[in-house]
Amino acid sequence: MSADGLSRRDHVVRVSGLTKRYGNVVAVDGVTFALEPGTITAFLGPNGAGKTTCLRLLLGLARPTAGETLVLGRAYSELDHPTHRVGAVLESSDFDPNRSGRNHLRALALAAAIPSGRVDEVLNLIALDAAANRLVKTYSLGMRQRLGLAGALLGDPELLLLDEPANGLDAAGIHWLRGFLRQFAAQGRTVLLSSHVLAEVAQTVDQALIINRGRLVAVLRLDELANGSLEERYLELTAKETA
């Protein structure tokens, strides 16, 4: 075992003592966890708990005040061809509304030196090929979520980092997303997602990281929740931390 209590097995993501302060506000407070290959993990917590900040720190979009984040054994900024190894969706609105879905993906592929043929592959993969030539401004929120996911998949990554991926999806879309993520993990790849939809998370993920007020308060394996539901445990833990 290492000093932080984690095993020495290879981890896809390894976070140790992660802390982020903005002035007097502690957004993330000493968070430590690790993710194994072939797993789906949910970040759960109230609004403002620190979920998105943790994802941003993993991607090097913010600098930690203390602690360390390793993605595939390195800091994200040190990865060779990071878009080919890590796919991320933190915003669903970062699109040119007057560009078609296909052209949006072509621009991303060009910037990342990804063959243009991959665009049609991911459009088919996320079931958006029928609307690929429509302007993005005509897309529903759920369609934009799928387009964001398509962009994250362009590099055929080993790891997906998704912030509220079910937001805006209807029942059929959520069912599709669940199946897609399970298939992705079954290939030995890894998913870390934030979500507020506890009922859906309970059907999708292998484990849940409960975060509140910037602190990791529990790591729950879904197959070990013999007594009570994920929702009950979540409410119990966050109520204790809020009290």
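**Close-up 1. The salt bridge between arginine 85 and glutamate 158.** In this predicted model, the side chains of arginine 85 and glutamate 158 meet at 2.8 Å, N to O, in a salt bridge (a side-chain nitrogen of Lys or Arg within 4 Å of a carboxyl oxygen of Asp or Glu). Arginine 85 lies in the loop between strand 4 (66–71) and strand 5 (86–89), and glutamate 158 in the loop between helix 4 (141–153) and strand 6 (159–163), so the pair ties together parts that are 73 residues apart in sequence; helices (H or I, at least four residues) and strands (E, at least two) are DSSP runs, numbered from the N terminus. Arginine 85 has a relative accessible area of 26% and glutamate 158 one of 33%, which places each as partly exposed (buried is under 20%, exposed over 50%, partly exposed in between; 1.4 Å probe, protein chains only).

**Close-up 2. The salt bridge between aspartate 120 and arginine 102.** The N to O distance for this pair is 3.1 Å, and it links aspartate 120 in helix 3 (residues 117–125) with arginine 102 in helix 2 (residues 101–111), 18 residues apart. Aspartate 120 is partly exposed at 42% relative accessibility, whereas arginine 102 is buried at 15%.

**Close-up 3. The salt bridge between aspartate 156 and arginine 189.** These side chains meet at 2.7 Å, N to O, and both residues belong to a network of salt bridges that also includes Arg118 and Glu121.

**Notes.** Residues are numbered from 1 along each chain as its sequence is written, and side-chain values use heavy atoms, with hydrogens and water left out. Local features need pLDDT of at least 70 and side-chain atom pairs count only at pLDDT 80 or more, while totals for chains, interfaces and linings use all residues.
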